[in-house]
Amino acid sequence: HGKDTGKNTYHFFDESMDKEVADSLSLIADLRSAIAENQLAVHFQPQIDLQTGRISTAEALLRWYHPTRGSIPPLTFIPLAEKSGEMVAIGKWVIAESCRQCVRWNTLTEHPMTVAVNVSPLQFKHADFAQFILSTLEDLKMDPALLELEFTESLLMNDSPEVSENLAALRKANIHLSIDDFGTGYSNLGYLKNFDIEVLKIDRSFISKLSESPQDKAIVTAIVQMAASLGIETVAEGIEDDATAKLVRELNCQKGQGYLWSRPINDEEFINFLKQA
Ligand code: C2E
Ligand code: MG
Ligand code: MG
Ligand code: MG
């Protein structure tokens with residue numbers, strides 16, 4: 001409705017839009033060289049087994065240090081990487097790097113450590129996705145059961161044959177599948193019986209105010225009970241204080257992740273964290 005906002009306002013809006021587009025385009029160009037220039041890093045955030053108090057998993061979270069703009073959040077650059085096609089190469093790099101670190105952790109710990117890697121739907125649409133993962137694991141001699149892939153519910157609503165074939169091949173190899181941000185997406189839960197899902201990650205929006213909100217408590221209770229009766233494990237994300245950790249444990253959620261234990265930290269810091277744990 002440019003007409004009633006007046007010519008000047010409209011013009012101003014137009015320019016800022018242009019600037020935003022130009023900005024995205026220059027970031028996309030920079031992303032192309034980010035891997036080669038060593039600007040990407042995978043950070044790791046521990047997940048704690050709430051029964052034993054032990055670290056059992058780490059989630060891999062991608063970071064980009066831009067040479068002039070500094071750190072750019074994943075929620076800003078991942079959509080750009082998806083649009084520009086760069087996400088496939090970046091995603092492969094994240095998987096290889098995460099598995100390499102996981103193999104290293106397992107030489108240091110008595111109990112098995114798994115790694116959870118976020119995967120974009122675009123990666124699943126590539127016919128060679130499962131094969132890439134299987135050959136990466138083979139090269140590293142890594143047990144496939146130590147790898148967990150996190151994706152949102154929307155992936156399972158996708159009817160592309162490549163997605164289904166990749167999912168089937170990954171499950172056949174015993175790679176674990178985890179639904180991220182559970183509870184914020186589709187309300188059709190039918191997919192839970194059609195796909196062999198190991199983990200539901202309860203979205204932070206249900207966890208962050210858990211101790212004050214009877215509604216959130218009711219929702220988390222229902223999710224955990226439903227998951228348990230389907231044989232699915234639950235992870236609560238975004239736990240920032242002891243009271244919430246205690247509550248989540250009382251509700252029988254198996255694992256917790258959040259700033260209470262650690263923020264995402266780099267590979268060396270994570271090794272130190274493991275050694276101290
Ligand atoms: P996500 O997979 O749901 O990851 C959890 C996000 O919550 C992370 O943000 C993490 O730093 C943050 N977080 C963890 N604990 C707490 C807490 O106690 N309090 C609060 N306030 N936040 C907490 P981050 O690292 O900025 O990542 C944002 C999103 O970017 C991720 O959400 C994921 O969807 C996406 N992402 C990150 N790395 C990758 C990747 O390698 N590939 C893909 N496709 N997506 C990625
Ligand atoms: Mg995740
Ligand atoms: Mg999540
Ligand atoms: Mg989330």
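**Exercise 1. Decide whether Asn 38 is buried, partly exposed or exposed in this predicted model.**

Solution. Asn 38 has a relative accessible area of 69%. The cut-off for exposed is over 50%, so Asn 38 is exposed. Next, find its place in the chain: Asn 38 sits in the loop between helix 2 (7–32) and strand 1 (40–49). Finally, look at the backbone. Most residues other than glycine have a negative phi. Asn 38, however, has a positive phi, near 60°.

**Exercise 2. Work out which residues coordinate the magnesium ion (ligand 4), and where they lie.**

Solution. Start at the ion: Asp 181 (OD) and Glu 237 (OE) coordinate ligand 4, at 2.1 to 2.7 Å. Then trace the chain. Asp 181 belongs to strand 6 (residues 176–182) and Glu 237 to strand 8 (residues 233–237), so the pair, 56 residues apart, links distant parts of the chain. Now check accessibility: Asp 181, at 25%, is partly exposed, while Glu 237, at 12%, is buried. Asp 181 also has a positive phi, near 55°.

**Exercise 3. Describe how helix 6 and helix 7 pack.**

Solution. Take the geometry to begin with: helix 6 (residues 129–140) and helix 7 (residues 161–172) have axes 8 Å apart, at an angle of about 25°. Angles under 35 degrees count as roughly parallel, so helix 6 is roughly parallel to helix 7. Now list the contact: Phe 129, Ala 130 and Ile 133 of helix 6 meet Asn 166, Ala 169 and Leu 170 of helix 7. Sorted by class, this gives 5 nonpolar, 1 polar and no charged residues.

Technical notes. Residues are numbered from 1 along each chain as its sequence is written. Chains are lettered from A and ligands numbered from 1 in the order in which they are written. This is a predicted model: local features need pLDDT of at least 70, side-chain atom pairs count only at pLDDT 80 or more; totals for chains, interfaces and linings use all residues. Side-chain values use heavy atoms; hydrogens and water are left out. Axes are lines fitted to C-alpha atoms, for helices over the stretch in contact, and angles run from 0 to 180 degrees between N-to-C directions. Helices (H or I, at least four residues) and strands (E, at least two) are DSSP runs, numbered from the N terminus. Angles under 35 degrees count as roughly parallel, over 145 as roughly antiparallel, 65 to 115 as roughly perpendicular and the rest as oblique. Contact means heavy atoms within 4.5 Å. Ala, Val, Leu, Ile, Met, Phe, Trp, Tyr, Cys and Pro count as nonpolar, Asp, Glu, Lys and Arg as charged, and the others, Gly among them, as polar. Donors are N, O and S atoms within 2.8 Å of the metal (3.2 Å for Na, K and Ca); water is not among the atoms, so sites may look incomplete. Buried means under 20% relative accessible area, exposed over 50%, partly exposed in between (1.4 Å probe, protein chains only).
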